[in-house]
Amino acid sequence: MTESTKSKDESMRSHLGKSGPVYDGIEPGELGEVTESVQDRVRQLESRNSFLEEQCSQIESEKRYLENQKIKYEREIRKLQSELDRMKTSPLIIGTVIDVIKNDRIIVRSSNGPQFLVNVSQYIDEKKLLPGAKVALNQHTLAIAEVIPSTEEPFVAAMEVFESVEVDYDQIGGLEEQIQELQEAVELPLIDPERFVRIGIEPPKGVLLYGLPGTGKTLLAKAVAHRTKATFIRVVGSELVQKYIGDGSKLVRGIFEMARKKAPSIIFIDELDSIAARRLNETTGADREVQRTLMQLLAEMDGFDKRKNIRIIAATNRPDVLDPAILRPGRFDRLVHVPMPGVEARGKILEIHCEKMILAGNIDFKRLAKATEGMSGADLNAIATEAGMFAVRKDKEMVEMEDFLEAVDKVSMAADTQKMMPVTLPETTMFV
Ligand SMILES: Nc1ncnc2c1ncn2[C@@H]1O[C@H](COP(=O)(O)OP(=O)(O)OP(=O)(O)O)[C@@H](O)[C@H]1O
């Protein structure tokens with residue numbers, strides 16, 4: 001041991017006390033080694049500590065995650081429980097408020113027809129109980145259990161509204177006479193109503209287009225809407241009575257309201273026969289529903305001013321089944337037959353539908369027109385598309401005559417098969 005180490009040990013001894021137990025049996029020279037091993041131990045413990053702290057925080061975060069999961073599952077259980085409860089409760093009957101006698105006595109019509117005088121749950125906001133409101137009725141007492149919030153959705157879904165239509169007369173092949181009739185009966189009264197006033201005649205209120213499917217009835221109505229810059233509102237009769245059961249008459253009211261709001265407007269009712277077919281007696285609830293829809297349509301038509309800027313065009317493939325009430329003066333008082341295209345019109349229709357296609361120089365439209373005897377405008381449109389598809393399939397630069405001839409075969413075969421198919425039953429038909 002050197003002199004300097006000795007004096008260091010001695011000064012430490014004097015600092016810590018000469019006979020402290022820590023230093024019993026330890027030679028002064030060994031003190032440095034002991035300190036080092038203690039420091040090692042401390043380091044070990046420190047790293048163990050930080051490892052445990054890390055583990056602890058990991059476990060904490062796992063705990064938090066599990067707690068969140070627990071809350072989530074509890075919420076899900078509550079949701080499923082309430083869903084289960086809902087499933088177990090007896091169904092409510094849907095009805096419509098007809099009249100409010102006193103605030104707690106209401107006349108409602110259930111969706112299957114009969115009317116009832118019923119009570120109202122005290123928790124229902126009386127202000128919502130207006131005629132026409134949809135309500136849910138208790139199955140046993142028929143008391144009003146809740147008012148179903150009215151949505152605009154059925155109205156929106158039931159009609160197509162076009163603020164501007166992009167079809168013009170030059171996109172219609174043939175049908176020159178029909179276009180002229182529509183110009184007089186629909187276009188002129190919308191554009192220049194004063195002309196009718198000066199002469200002292202009333203313009204026709206409604207125009208009925210009748211003819212086989214695909215002959216261009218919708219196309220004609222759209223072209224008139226385009227010329228008059230009117231809003232075009234299209235509704236399909238069969239949808240009104242089949243898809244929106246119980247709402248048909250309300251929808252008719254909604255359609256006329258929309259037409260007034262968006263005037264000038266043209267209401268186009270496709271498949272008019274679905275709501276206006278003559279019937280001998282109303283036997284079923286569905287028949288009565290159709291009748292109510294028709295009544296509402298007649299009431300709306302009778303109620304609006306002919307010189308106001310709303311026109312009605314309807315279309316049907318079955319004019320023979322229509323209720324004569326719909327054809328009375330002041331209703332659909334102008335009938336326009338839309339025939340199948342003749343040979344010249346067929347050539348024109350084909351040319352119209354090929355306008356944007358790249359064609360080879362050998363296309364003989366006259367020959368194609370002759371080869372498409374008995375085909376409608378819709379069939380001719382399909383031929384143009386099919387011819388284009390044949391050219392695409394063969395990776396050609398342009399559509400050639402042979403593609404058109406193949407397309408004629410294909411479309412006429414499809415049309416023949418369709419004619420042979422059994423008549424499809426309406427969606428609502430049920431077999432017992
Ligand atoms: N005269 C025509 N000129 C040009 N295209 C026509 C003509 N007729 C029919 N088409 C084509 O056929 C398609 C269907 O025609 P549209 O919907 O007008 O027939 P529709 O008579 O209303 O048929 P439906 O009675 O089945 O409703 C049109 O989109 C158009 O492409």
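Colleague: Which residues come nearest to the ligand?
Modeller: Of the 18 residues around the ligand, Gly173, Gly214, Lys217, Thr218 and Asn381 come nearest, where a residue counts as near if one of its heavy atoms lies within 4 Å of the molecule. This is a predicted model, in which local features need pLDDT of at least 70 and side-chain atom pairs count only at pLDDT 80 or more, while totals for chains, interfaces and linings use all residues. Residues are numbered from 1 along each chain as its sequence is written, and side-chain values use heavy atoms, with hydrogens and water left out.

Colleague: How far is an oxygen atom of the ligand from the side chain of Lys217?
Modeller: A ligand oxygen lies 2.8 Å from an N or O atom in the Lys217 side chain, and for Asn317 the corresponding side-chain distance is 3.2 Å.

Colleague: And how much of the ligand does the protein bury?
Modeller: The ligand taken alone exposes 630 Å², and the protein buries 80% of that, with areas from the Shrake-Rupley method and a 1.4 Å probe.

Colleague: Which helices each supply at least two residues of the shell?
Modeller: Helix 6 (217-228), helix 11 (343-354) and helix 13 (377-393) do, helices being DSSP runs of H or I with at least four residues, numbered from the N terminus.

Colleague: Switching to helix 13, which residues are buried there?
Modeller: Among them are Leu380, Ile383, Glu386 and Phe390, buried meaning under 20% relative accessible area (1.4 Å probe, protein chains only).

Colleague: What happens just after helix 13?
Modeller: Asp395 takes a positive phi of about 55° there.

Definitions and conventions:
Polar contact = N/O pair within 3.5 Å; in protein donor to acceptor, adjacent residues only side chain to side chain. Buried < 20%, exposed > 50% of the residue type's maximum accessible area, 1.4 Å probe, protein only.
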